[in-house]
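Please examine the sequence and the structure shown below.

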Amino acid sequence: MKEEAARAAARLVRRCRVAALGTLHEGAPAVSQVPFAVLPAADCALVVLVSRLATHARAMERDPRVGLMIAQPEDGQTVAHALARVSIGAEARMIPRAPPDYGAARAAYAARFPDQAFLFDLGDFELYALAPRTVRVVAGFAQAASITPAALAQAIRESDEAA
């Protein structure tokens with residue numbers, strides 16, 4: 001069950017390009033929509049490009065604990081309660097603009113969103129790595145499992161190798 005849950009989570013992470021990002025803003029929960037890419041490093045952290053002017057950037061700097069929800073898009077045929085989703089509790093950290101981390105993160109993000117590469121030239125955008133700490137997968141109705149971040153990373157690597 002856990003291996004299949006990890007594969008389901010990896011499929012969602014690879015297929016979906018947008019997540020809901022939950023942060024704490026002035027002590028209250030706040031949710032934003034963020035495009036994300038996957039860092040190819042061993043921990044398979046997710047990477048987001050965020051303006052320092054954005055509320056969620058300031059929130060991540062004050063409290064790096066974040067939540068992400070990546071969900072199967074509605075298609076009008078799947079029952080809403082059965083849509084697959086993965087909820088990730090993560091720790092956010094700004095990636096300094098220095099080798100080697102920044103280059104790899106920028107390449108991963110630009111490969112997934114080539115039409116948005118111009119944002120790197122704007123002075124207020126920063127890359128943040130979101131390192132998973134907890135992972136909860138719902139593969140469908142009554143198909144929930146908690147998996148380790150390492151299991152998610154392994155399933156993502158395996159899906160990359162199979163592609």
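This is a predicted model: local features need pLDDT of at least 70, side-chain atom pairs count only at pLDDT 80 or more; totals for chains, interfaces and linings use all residues.

**Salt bridges and buried residues**

Arg 93 and Asp 101 are joined through their side chains by a salt bridge, with an N to O distance of 3.7 Å. Arg 93 is partly exposed at 40% relative accessibility, and Asp 101 is partly exposed at 39%. Elsewhere, salt bridges with shared partners link Glu 4, Arg 7 and Arg 11 into one network. The count of salt bridges comes to eight.

Arg 7 has a relative accessible area of 37% and Glu 4 one of 36%, so each counts as partly exposed.

A further salt bridge connects Arg 52 with Glu 126, whose closest N and O atoms are 2.3 Å apart. Arg 52 lies in the loop between strand E4 and helix H2, and Glu 126 in strand E7, so the pair ties together parts that are 74 residues apart in sequence. Arg 52 is partly exposed at 38%, whereas Glu 126 is buried at 8%.

Which residue of strand E6 may be considered next? Val 86 lies in this strand, which spans residues 85-94. Val 86 is buried, because its relative accessibility is 0% and buried means under 20%. Beyond its neighbours in sequence within four places, Val 86 contacts several residues, including Ala 9, Leu 68 and Val 135.

Note on methods. Residues are numbered from 1 along each chain as its sequence is written. Side-chain values use heavy atoms; hydrogens and water are left out. Helices (H or I, at least four residues) and strands (E, at least two) are DSSP runs, numbered from the N terminus. Buried means under 20% relative accessible area, exposed over 50%, partly exposed in between (1.4 Å probe, protein chains only). Contact means heavy atoms within 4.5 Å. A salt bridge is a side-chain nitrogen of Lys or Arg within 4 Å of a carboxyl oxygen of Asp or Glu.
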